[in-house]
Amino acid sequence: MRTPTRIPSRPPNPYEELAELADPDPHAGPDPHADPGSRTEPLPLIPLRLTYPEAEPDAESDEDAWSPPNHRRAKRGRRRRRSPFAAVPRALKLLVALVVCTGILVLADRCAQMYAEKQAQQKLQQELHLAAAPQVDIHGFPFLTQVLEKRLQRVDVTVPHVAADRVSLAEVRASAHDIRLTGSLPKSIRGAVVGDLDGEVRLSFDDMNRELAASQVRFSRRDDHAVDADGKLTIAGQELRVRAQARLQLSGGHSLSTNVDDMSLDLPGIATYRPGKGKGLTLHHETAERISRDAARAKALLSVPALAERLGVSRADVAAALQSEEKLHRLTGAPRFVEKLTRLNLIDAAVDHPWLLRKLGIDPHLIAALTHIRPPELTDRLAFSFSLPKEAHDLQLRDVRVDKDGIRATLSAADVPVGKAG
């Protein structure tokens, strides 16, 4: 058996073999190193066909043979391996898809809720004739499910600055529960019936101070059911300090009114006028002391028999005091005389003896103007009230109270129809 010829690691160069068989160059000179006797004639050219021994099969398999790289396939494979979702489990992908769908549904539900709130604001503004649109907040989730069931859990309504008689309500707030919608879905909702409603009405002192005719009067809390009024009023060209107390009272469950009493008008440093039956003009303690020390004023006061009798001074003592300065000072210097003088009503003296007021340092024209003003005319300047709109006749005012910022009253109602609830 012939040993297989091993293919050399480097095959012979065919051009070198051709170069050896080619004729020598005729133009080239003789080779000086060649032997002269060995020169021969050039041989004729013979076509030469080179063949290579066939390579025997190598021990390596065809699978390991070299082939050009497929860059497209390798690139595609690398891209597929680098995908961040390739290793994500299928359950997680489904969970992410579920979350996205839930978010879309929640967004759609929220948009529908906002649209319903806007429509409710416009409807309430039209029906209640409000200057500004109220704020409506619909609670409960999901909203669309409540609409399909025609039953809303809770709706909050806030109306700012509602005109109410002489003043404006700072805020009317109500919370409606168990609202039953009437009509057919989706566009034929005619109205609703509110199962239960509670709320609050607030009248602020700032609005009262600004809006009442007596703009110089300030209102503040006296107790849980009364308001103090303290300010200034101008009467007969003179500025008087006014003080009063307004007690709150409900009228028929739909309105609130005030009963103004304990009113006083102060002439600074001179006297106080209290309108009403059994009241009148009384001197300040400082004025009474000045009169007791001033002989001329004291004699003018005692010369009026009606006033001397109210002071508890007998006619004999009056006659003696008018004739003797010593007895006059003894009478008017007594502490009880000054105390009685501060409780003396000078209204009758002002009518019958206007000169006496001038003698005491009081302007008779001012007292005449005060006496001609009826008590209701003064109290009307300080009185305030408010009523609920006639469209809200189903609401009831309850539990009126006064706090540091104003007056608050609670609202309540049941089975209140809104719109065309029938």
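Let's start with a pair: Asp399 and Arg401 join side chains in a salt bridge, 3.8 Å from N to O. By salt bridge I mean a Lys or Arg side-chain nitrogen within 4 Å of a carboxyl oxygen of Asp or Glu. Arg401 is partly exposed, at 31% relative accessibility. The cut-offs: buried is under 20% relative accessible area, exposed is over 50%, and partly exposed lies in between, with a 1.4 Å probe and protein chains only.

A word on the model. It is predicted, so local features need pLDDT of at least 70 and side-chain atom pairs count only at pLDDT 80 or more, while totals for chains, interfaces and linings use all residues. Numbering runs from 1 along each chain as its sequence is written, and side-chain values use heavy atoms, without hydrogens or water.

Back to charges. How many salt bridges does the structure hold? The count is 19. One of them pairs Asp178 with Arg151, at 2.9 Å from N to O. Asp178 sits in strand β3 (residues 167-184) and Arg151 in strand β2 (residues 151-164), so this pair links distant parts of the chain, 27 residues apart. Strands here are DSSP runs of E, at least two residues; helices are runs of H or I, at least four; both are numbered from the N terminus. Asp178 is partly exposed at 30%. Arg151 is too, at 40%.

Strand β3 comes up again. Arg180 bridges to Asp415, at 3.7 Å from N to O. Asp415 is in strand β13 (residues 406-419) and Arg180 is in β3, so the bridge ties together parts 235 residues apart in sequence. Arg180 is partly exposed, with 27% relative accessible area.

Now the helices. Helix α6 (residues 285-293) packs against helix α7 (residues 295-302) at about 100 degrees, axes 5 Å apart. Axes are lines fitted to C-alpha atoms, for helices over the stretch in contact, and angles run from 0 to 180 degrees between N-to-C directions. So α6 is roughly perpendicular to α7, a label that covers 65 to 115 degrees.

Last, the core. Which residues have the most contacts inside the largest nonpolar core? Phe384 and Ile407, in a core of 95 residues. A nonpolar core is a set of buried Ala, Val, Leu, Ile, Met, Phe, Trp, Tyr and Cys residues joined through side-chain atoms within 4.5 Å. Strand β3 gives the most to this core, seven residues. Phe384 touches Ile407, and its partners also include Val167, Leu203 and Phe219; contact means heavy atoms within 4.5 Å.

Technical notes
Angles under 35 degrees count as roughly parallel, over 145 as roughly antiparallel, 65 to 115 as roughly perpendicular and the rest as oblique. Lists of a residue's contacts leave out its neighbours within four places in sequence.
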